[in-house]
Every structure is written in C-alpha cells, then in structure tokens.
Amino acid sequence: PPDSPPLDLYQYAQTLDSNLWPYDSATNIPPTPGSWETVMTVKYQNFYLLASHRIASLIQSSLSPSDSPSQKLQSIYIAEVGVKAYTLLLSLSNNFPSSPSSELTVQRSAYRNAGVLSGILSNLNHSLKRPSKPSALRMFEFWDVFLRNCEFEDAMEERDCKEISVFLEQGVNPYSGEKWK
C-alpha cells in the first residue's frame, strides 16, 4: 500500500532465511495433476517465487557505490538469501516442460532473475575482495538454463535472450566486468 513504511530488505531477508527450507514430500511420489503432492509443490513454488522475486526486484535499487563495507556485507547476505530461494524454487520446477501450461513450469524469467541476483552477489563479493567465482559460475548456470528455454520457446530474437547469450559466450559478469572464460 502507498502509506506503508519502506521495506527493510535486510530484516526481510533475515525473516525469510529463517523460514526457507526445502520442500520434501514424505511420499516420494512424483506429482501428478490434481494430486496433493502437486498442490503442496505449487504452494512451495509460489512462496519461493514471491520471496526471491521480491529480493531481486529491490536489491539493485538499494545498492550504492558509496556503501560501506558493513552495508555491502548486509547486501551480500540479502543476495545470498535470494539466490537460496531461487535455488529452492528451481529445484522443484521443470527445467524443460513438455507443456508450458504444466503446474510445475516456472517462466524462464525466474532463471534470468536468479542469474541477475547471482551476478550482483558476485560483484558485491568482488568489491570486498572476497571470492566471487562461485556466484559468478552460478549466474552462468542459471543463465544457461534461461537461454536453453529461450531456444525451446523459439524466442532467441528477444532482447533478454540476445543479451544473456552474449554474456554467456564471452563469459562476462556484466555487474562486475569480471571475465570467467
């Protein structure tokens, strides 16, 4: 609502982190349309999706080149929680749906946004002279799935697909300028 106070993203990430755990069906029965397993899987997907997208949509605007090291560490934590939520989301989802209308299909934008958040995390780590390669490689993993979905959906001419294709080909993290190829 317009009258609500601004969201404290760090506090949100802390609360979210304490509530993020993998969904584990006790039955090991593959979800089928209309089954209880599918209902619960979709419920967890929605939770992970909303939480991860909220962090992804707000973190970039909360960053500033003049942030102190302690502010950057808070941003690193926020980004790590967001990547964790995306990882949980995508572990429940179909990477390559046989049908785009499948309940377990996550739009390719989730892979794009997960890569963006991983790239931001890599840049934050790089700025504090911390290891940035693991999150950069995770960015490329997410974006590789995104790009394969672009191909699957015959959407390689779309701007996001073209841009990410170039970053993957060149092995560049666009947020830090680091090259990993």
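**Pocket and disulfide**

Helix α4, spanning residues 108-127, contributes the most to the lining of the largest pocket: four residues. The model is a predicted one. The space in this largest pocket comes to about 180 Å³.

The lining includes Gln 60, Leu 63, Ser 64, Pro 65, Asp 67 and Lys 72. Ile 120, Asn 123, Leu 124 and Ser 127 also line the largest pocket, as does Tyr 175. Sorted by class, the lining has five nonpolar residues, four polar ones and two charged ones. Asp and Lys count as charged, and the lining list holds Asp 67 and Lys 72.

Next, the disulfide. A disulfide is a covalent bond between the sulfur atoms of two cysteines. The structure holds one. Its partners are Cys 150 and Cys 161, with an S to S distance of 2.1 Å. Which parts of the chain does the pair tie together? Cys 150 sits in helix α5 (residues 133-152) and Cys 161 in helix α6 (residues 159-170), so the bond links parts 11 residues apart in sequence.

What is the handedness of the disulfide? The torsion about the S-S bond of Cys 150 and Cys 161 is about -80°, so the disulfide is left-handed.

Are the two cysteines buried or exposed? Buried means under 20% relative accessible area. Cys 150 has 0% relative accessibility, so Cys 150 counts as buried. Cys 161 also has 0%, and therefore counts as buried.

Definitions and conventions
Residues numbered from 1 in each chain as written. Predicted model: local features only at pLDDT ≥ 70, side-chain atom pairs only at ≥ 80, totals over all residues. Heavy atoms only, no water. 1 Å grid on protein atoms, 1.4 Å probe; cavity = no way out; pocket = protein on both sides within 12 Å on 5 of 7 lines; lining within 4 Å. Points joined across faces, edges and corners; volume = space filled by probe spheres on them. Helix = DSSP H or I, 4+ residues; strand = E, 2+ residues; numbered from the N terminus. Disulfide = S-S within 2.5 Å. Buried < 20%, exposed > 50% of the residue type's maximum accessible area, 1.4 Å probe, protein only.
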